[in-house]
Amino acid sequence: MNSHAFSRLTISIVAVLLGFTTFAQAGPPLICHPIEIGQAKSLPWVEFNPRGRTDYDLKNLSRDTLAILDSHTPVLVRMETLRRATIYARHDPQVAKELITRLQERAANSDAAGRPDALAWFDVGHLAETYKQWMGQGEPNPASGLESYGWVQRAISLRGQDPQMEFAAALITIGGPQNDHQEHVQKAAGGAKSDPLLARNLATHFKGNNGKTASEMLAKELE
């Protein structure tokens, strides 16, 4: 995307997001629409297959997920990795429990060491919320009763300004609290001015009062 097109996209995003916004896709927000991550490394995947790779060995899920999360990974890549991990984990309750337990321990250990890790708290909070959105009633859900959004809020507080975390929090709060949701959306939109990948994700995930996403608005402008 050239700088002129990106500037127009940013203007369209802000126009949409300053008004009342709703999620642009059907289904659980953290599951049903992939996060764009460019060429960044995440868990193995097959496009257009919502179950992931059928040959992926679930016993490697915790190890593979933590290897990605522990490698200074941007927040958007963390979100997509945790989305894929949740879809895989649903196939094996023991694997699902192991993954979230290890992320909880990782975050708690950072506190015990006197160096609270914002990214570790984000990871466990985001995973817990993704589990809650994807694991159905009547099946084991190791995230039941966990803080999820509260841990993401703590991560934002520890991290300071992080528009990509604000985007994650905006997706989590689509069903409310509405004031929190709007605040997260607007903070994410502010950061999109200097983050093309975040801008593209915002453009495809939210729509305004006219029912169009920012991407659709821009496409119309460029016709």
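Me: Is the crossing of helix 5 and helix 6 left-handed or right-handed?

Reply: Left-handed. Bear in mind that this is a predicted model.

Me: How do the two axes of helix 5 and helix 6 sit, and at what angle do they cross?

Reply: They come within 7 Å and cross at roughly 155°. Angles over 145 degrees count as roughly antiparallel. Helix 5 and helix 6 are therefore roughly antiparallel to each other.

Me: Which residues meet there, between helix 5 and helix 6?

Reply: From helix 5, the list includes W121, F122 and H126. Helix 6 brings residues including Y149, W151 and R154.

Me: Staying with helix 6, which of its residues are buried?

Reply: Helix 6 covers residues 149-159, and Y149, W151, V152, A155 and I156 are buried. Down the helix axis they fall within an arc of 160°, so they line one face of helix 6.

Me: Why would residues three or four places apart point the same way?

Reply: An α-helix has 3.6 residues a turn, so residues at that spacing point the same way.

Me: What do the buried residues of helix 6 pack against?

Reply: Helix 4, helix 5, helix 7 and helix 8.

Me: And what happens just after helix 6?

Reply: G160 takes a positive phi of about 85°.

Me: New topic. How many residues are in the largest nonpolar core?

Reply: It has 57 residues. Among those with the most contacts inside it are L61, I100 and F167.

Me: Which helix gives the most to this core?

Reply: Helix 3, with 9 residues.

Me: What does F167 touch, leaving out residues up to four places away in sequence?

Reply: Its contacts include I35, L76, M79, A188 and F206.

Technical notes:
Residues are numbered from 1 along each chain as its sequence is written. This is a predicted model: local features need pLDDT of at least 70, side-chain atom pairs count only at pLDDT 80 or more; totals for chains, interfaces and linings use all residues. Side-chain values use heavy atoms; hydrogens and water are left out. Buried means under 20% relative accessible area, exposed over 50%, partly exposed in between (1.4 Å probe, protein chains only). Helices (H or I, at least four residues) and strands (E, at least two) are DSSP runs, numbered from the N terminus. The arc is that of the directions from the helix axis to the C-beta atoms. Contact means heavy atoms within 4.5 Å. A nonpolar core is a set of buried Ala, Val, Leu, Ile, Met, Phe, Trp, Tyr and Cys residues joined through side-chain atoms within 4.5 Å. Axes are lines fitted to C-alpha atoms, for helices over the stretch in contact, and angles run from 0 to 180 degrees between N-to-C directions. Angles under 35 degrees count as roughly parallel, over 145 as roughly antiparallel, 65 to 115 as roughly perpendicular and the rest as oblique. A crossing is left-handed if the near helix is turned anticlockwise from the far one by less than a right angle, and right-handed if clockwise.
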